[in-house]
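Subject: Structure handover

Hello,

Please find the structure below. Some notes on what was found in it follow.

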Amino acid sequence: MRVLFIAAEVAPFAKTGGLADVALALPRALASLGADVVVVMPRHRSAVAKAEMHEAARFLVPVGGQPRECVAYKGALPQSKVPVYFLGNDAYFDRPAVYGEGGEYADALERFTFLSRGALELCEALRWSPDIVHANDWHTALVPQLMKHLGLPHSKGARSVLTIHNLAYQGAFPRAQAGAIGLSDAALEPYLRGDQVNLLRGGILTADLVNTVSPTYAREILERGDGLEGELRSRADALHGVLNGIDTAVWNPAADTMLWATYTRRSLAGKALNKAQLQEELGLAQDPTAPLVGVISRLAEQKGFDLILPAFERLLGLGIQFVVLGSGAPEYEGFFRDAAARHSGRVAALITFSEERAHRIEAASDMFLMPSRFEPCGLNQQYSLAYGTVPVVRATGGLRDTITDVDQDRKRGNGFSFEAYTAEAMVDAVARAVRTYRDDARAWRDIVQRGMDQDLSWENSARLYRDLYRKVGR
Ligand code: ADP
């Protein structure tokens, strides 16, 4: 099976979020299952610095009625033979950021038309015919319709798959910009809504198969789909949900070189050591019995901070220590800085982005709090399971699919969850976790070990994607 996988960002070459992780891990896992996968991404400035690549092809890509030069450079995904083609056009991609500095770059529609069309032109240049063309998010949502209407011989017979990583980002532009795309009025129609071009809308309506990153999110967006629920419902038969896996080479407490001490489910002493070290480093009270609650997150409304802020004193009233790592909305950053100053010894706030600190906090914490308002999949609760850190989550999207409440299912429970998006429900769930932690060490250890026993690797998810490709294949 030949798969062309197109994404705006691919780790480690360019990353702003979960899409980049998926675009690295899934193609690699598909290749291990025997698929012939080619990855295509823009030649962002960060990629030039991070990847070894050499020129492989040169061709023209029409954008806005003008032929634009495209130089395709070939490299490979790390620790694999999976080829990555970086589509180069310095006017579009030799920039400091992937999407924009402050706001989105003003020519975003042109940039991603170039990527989408360029990926199909690359197939012509390479004389390579994929069976499946896998597009991701709004940036490449034009691809299914371009395949049908450009009539390029190497891609017109392929089937298209569109994965939605977050429906909140749709690629909406003033209709006056639609000329950049170069489709006829009829072919463009699915991408138009009111006086706007909405790329995700068109992708949803025209891809052979649409999927999102968890089964529950796939169901939820039929009801609350950020304005696209009608379109999603019209494709309900073609809409699937496949959970993301985690990179178990990077997130493995038995071999994690960023930790103060490694550990396994059988010998958890190393976990206690990480807790003691983190407490010392962050000036938290050196108390091994205080339940340490971690939060690692973009500080964005989606992640549930509207519950944490009003309930913060109540949470501390449960006797917990609290550490947050994240950056984002200034009001949340300010709140946590103040809280750390007011409650020194009990609260630590690291307002930054740091992989190393993320690993150390995952290892040191007893509980991980993730009260998201919505969550397409969520990675951090899965890292927490791997690190023996008990997730306390709101039962939404991928959080519902990965975390089973201990009080609902004693045998299979791997965390604590709550339904209503209210501060009361969240505090109640944290309180239940703290009670179990304090009063029943054996039950707690069982929950920790059940999480650590789970297979969260990409292999399972890649098999499900392969099944979807087969299902949609001719
Ligand atoms: P989203 O993609 O919505 O931000 P996910 O849970 O799917 O949420 O993935 C977020 C990723 O970003 C995780 O790998 C998480 O560890 C990481 N992350 C978020 N904030 C930080 C931070 N401040 N420092 C380090 N890693 C972070």
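Over the ring of which residue does the charged end of R360 sit? The ring is that of W260, with the charged end 4.2 Å from its centre. A charge counts as sitting over a ring if NZ of Lys or CZ of Arg is within 6 Å of the ring centre and within 35 degrees of the ring normal. R43 has its charged end over the ring of Y73, 3.9 Å from the centre.

On the basis of these notes: the model is predicted, so local features need pLDDT of at least 70 and side-chain atom pairs count only at pLDDT 80 or more, while totals for chains, interfaces and linings use all residues. Residues are numbered from 1 along each chain as its sequence is written, and side-chain values use heavy atoms, with hydrogens and water left out.

Aromatic pairs come next. Rings of Phe, Tyr and Trp (its six-membered ring) pair if their centres lie within 6.5 Å; planes under 30 degrees apart are stacked, over 60 edge-to-face, and the rest tilted. This rule gives 19 aromatic pairs. One of them joins F112 and W138: the centres are 5.3 Å apart and the planes stand at 80 degrees, so the pair is edge-to-face. Because F112 lies in helix α4 (residues 108–126) and W138 in the loop between β6 (132–136) and α5 (143–150), the pair ties together parts 26 residues apart in sequence. Helices (H or I, at least four residues) and strands (E, at least two) are DSSP runs, numbered from the N terminus. F112 is buried at a relative accessible area of 1%, and W138 is buried at 6%; buried means under 20% (1.4 Å probe, protein chains only). Elsewhere, ring pairs link F305, F312, F322, Y332, F335 and F336 into a cluster.

As for cysteines, the structure holds zero disulfides (pairs of cysteine sulfur atoms within 2.5 Å). The closest cysteine sulfur to that of C70 is in C123, 12 Å away, which is too far for a bond. C70 is buried, at 0% relative accessibility, and C377 is buried at 2%.

Lastly, the lining of the largest cavity. Residues in this lining have an atom within 4 Å of a cavity point, where a cavity is a set of points on a 1 Å grid over the protein atoms alone at which a 1.4 Å probe fits but cannot get out. Among the lining residues are S384, V390, N414 and M452. α18 gives the most to this lining, with four residues.

Regards

Methods:
Buried < 20%, exposed > 50% of the residue type's maximum accessible area, 1.4 Å probe, protein only. 1 Å grid on protein atoms, 1.4 Å probe; cavity = no way out; pocket = protein on both sides within 12 Å on 5 of 7 lines; lining within 4 Å.
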